[in-house]
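Here's a quick briefing for anyone meeting this structure for the first time. Have a look at it, then read on.

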Amino acid sequence: MSDITKQSLTELVENIKNKKLSSTDVTKAFIDRSEKSEELNAYITNDFTSAIDKAKKFDQKPNLDLKLPGIPMAVKDLFCTKNIKTTAGSKILNNFVPTYESTVTENIWNEGAILLGKLNCDEFAMGSSNETSFFGNVQNPIDKNLVPGGSSGGSASAVAGQLTPITIGTDTGGSIRQPASFTGIVGLKPTYGSCSRYGIVAFASSLDQAGPMAQNVKDCALLHEVISSYDPKDSTSIDFKRNHFSKELTNNIKGKKIGIPKEYRVDGMPKEIEDLWQKGIQYIKDCGAETIDISLPNTSYALPTYYIVAPAEASSNLARYDGVKYGFRAKGENLIDMYEKTRSEGFGAEVQRRIMIGTYVLSSGYYDAYYLKAQKVRKLIKNDFDDVYKKVDAILTPSTPSSAFKIGEKTNDPVSMYLNDIFTVPVNLAGLPAISIPAGHDSNGYPLGLQIIGKAFDEQNILNIAYAMEEKINFKNKITDWWIK
Amino acid sequence: MSIDLKTIKHISKLARISVDEERAEKLAGDLNSIFDFIEKLNELKTDNVEPLTSIAETTLKLRSDEVKSKNIREQIIKNSPQDNEDYFVVPKVIE
């Protein structure tokens with residue numbers, strides 16, 4: 001079957017369960033395509049040889065009751081994988097081989113999936129274009145020299161390019177939803193506390209969440225069901241009853257109330273995005289749901305708040321990279337000199353910039369003016385959401401203020417790069433779940449996404465809305481295989 | 001507000017990242033444009049707002065104080081850039 005890699009996760013699971021395909025067939029097909037796709041630079045490390053061994057082993061004694069029976073998949077290189085190099089896209093972890101497994105990936109392997117390899121990402125997940133990776137740019141399968149978004153850029157590129165049927169990313173300020181939008185796939189950022197952070201290389205601990213990325217909503221729901229679990233090893237993991245998201249998925253959203261926040265109509269937003277949003281509103285109505293104009297008055301303060309909170313937490317989290325216990329070490333004349341050179345040579349420019357911002361806002365004399373102020377504004381942003389959720393069940397917005405941009409276009413202007421996350425960041429600050437679904441194309445044929453934001457722990461509802469809209473939108477991703485010779 | 005080179009040098013010391021003159025100037029430019037953007041927060045009055053310190057509205061769970069990983073010295077040392085079997089090795093600290 002030559003079209004194995006075109007199949008959705010749901011189809012692959014079905015075909016493996018019906019014995020129409022073996023895990024070995026499927027694994028080989030994705031490896032073959034991954035090997036032909038080096039130009040995308042989606043992988044940092046591959047584990048193809050042992051993937052085939054594991055697939056053969058699965059086929060000898062297949063457990064077809066599992067949720068991901070013999071399904072191969074690659075994951076973002078921010079998840080620690082036992083005995084497989086985990087770099088976080090950084091030189092400073094270039095030689096780091098974890099001796100333990102992240103809970104999220106452990107959950108995935110326990111359901112029968114097989115690791116294909118580790119996917120490229122922005123260094124320590126800090127970036128919106130995958131250009132800050134020590135391992136180079138990732139190409140967007142949509143067009144040559146187009147960024148795939150970031151920080152889960154390799155993940156988005158690998159799903160859109162059919163190098164893996166599904167994947168997981170992490171989202172601190174939009175790092176799942178923005179690349180999903182740029183590559184025409186579905187990406188879910190779960191409620192803070194739904195997926196364990198144990199074994200994920202930390203960026204900003206009060207914002208980081210792992211989440212699924214897939215070709216369609218149903219696949220996304222199934223993978224979310226696998227990765228979401230209570231984990232005592234993560235002190236902020238929340239113990240609540242988790243749904244069987246894929247089983248309970250329904251396109252019946254009649255009577256749901258969907259808020260349309262006026263503050264997301266930002267200055268300079270291209271008409272294409274506004275038109276897409278209007279189309280989305282129409283789809284919602286066609287599904288029998290109701291739209292209500294709402295206001296989230298503090299929206300424009302979300303990004304400045306994020307650029308205090310996230311770097312502050314990052315500067316603390318990244319203090320551990322000192323060249324002593326693991327990772328890269330530079331030679332120094334004494335201990336302090338060794339620390340300073342290790343961090344100067346080991347971290348890239350964007351990571352250093354954010355550590356400097358974070359160090360500054362936490363430093364003596366500035367803490368109240370910046371960090372405390374940001375925590376207060378964060379409260380106001382959360383209050384905005386709490387208020388509107390008294391009236392609506394979910395919120396519909398564009399995922400990004402533009403379609404994917406060219407590689408190099410924004411690298412010299414950090415603020416313009418940061419503005420890319422203007423619609424995604426408020427969700428992380430408020431700890432809410434949100435999903436990006438592909439909803440149309442711009443005049444270049446590049447995909448555009450819509451974002452559905454839910455109440456905390458209401459993933460099922462936004463998955464249902466996404467599922468109903470997906471059916472109406474009937475999106476077809478324009479993948480030409482331009483990178484395959 | 002303006003972040004000068006002296007401040008950059010000070011922050012880089014605190015952050016333990018060595019920065020040469022050229023990098024310091026570039027960083028000063030970047031940080032100034034980022035902080036110009038952050039200053040927008042001053043438009044908001046927040047005197048009576050409680051800071052949000054935790055997004056997960058739960059209290060930390062208690063657990064019994066048990067050792068769960070035993071004899072993992074080898075695993076811990078495994079990734080160290082320089083070791084002599086049982087210890088992490090760093091440049092000499094005491095003269």
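This is a predicted model: local features need pLDDT of at least 70, side-chain atom pairs count only at pLDDT 80 or more; totals for chains, interfaces and linings use all residues.

Residues are numbered from 1 along each chain as its sequence is written, while chains are lettered from A and ligands numbered from 1 in the order in which they are written.

**The crossing helices**

- Helix H8 (residues 271-286) and helix H15 (residues 459-473) of chain A pack at about 110°, and their axes are 9 Å apart.
- Helices here are DSSP runs of H or I with at least four residues, strands are runs of E with at least two, and both are numbered from the N terminus.
- Axes are lines fitted to C-alpha atoms, for helices over the stretch in contact, and angles run from 0 to 180 degrees between N-to-C directions.
- H8(A) brings Tyr283(A), Ile284(A) and Asp286(A) to the contact, and H15(A) brings Met469(A), Lys472(A) and Ile473(A).
- Being in contact is a matter of C-beta atoms, placed from the backbone, lying within 7 Å.

**The sheet in chain A**

- Three strands make an open sheet in the order S1-S3-S2 (chain A), with mixed pairing.
- At the edges are strand S1 (43-46) and strand S2 (72-76) of chain A, each pairing on one side only.
- Strands pair if DSSP finds at least two bridges between them.
- S1(A) runs antiparallel to its partner, strand S3 (residues 114-119) of chain A, over 3 bridges.
- Thr45(A) has Lys118(A) in S3(A) as its bridge partner.
- Helix H3 (residues 48-60) of chain A packs on the sheet and touches S1, S2 and S3 of chain A; its direction makes about 160° with that of S3(A).

**Where the chains meet**

- Chain B puts 39 residues into the contact, and chain A puts in 51 residues.
- On chain B's side, the elements giving two or more residues are helix H1 (5-14) and helix H2 (21-38) of chain B.
- H2(B) supplies the largest share of that side, 7 residues.
- Sorted by class, that side of chain B has 23 nonpolar, 10 polar and 6 charged residues.
- Nonpolar covers Ala, Val, Leu, Ile, Met, Phe, Trp, Tyr, Cys and Pro; charged covers Asp, Glu, Lys and Arg; the others, Gly among them, are polar.

Terms used. Two residues are in contact if their C-beta atoms, placed from the backbone, lie within 7 Å.
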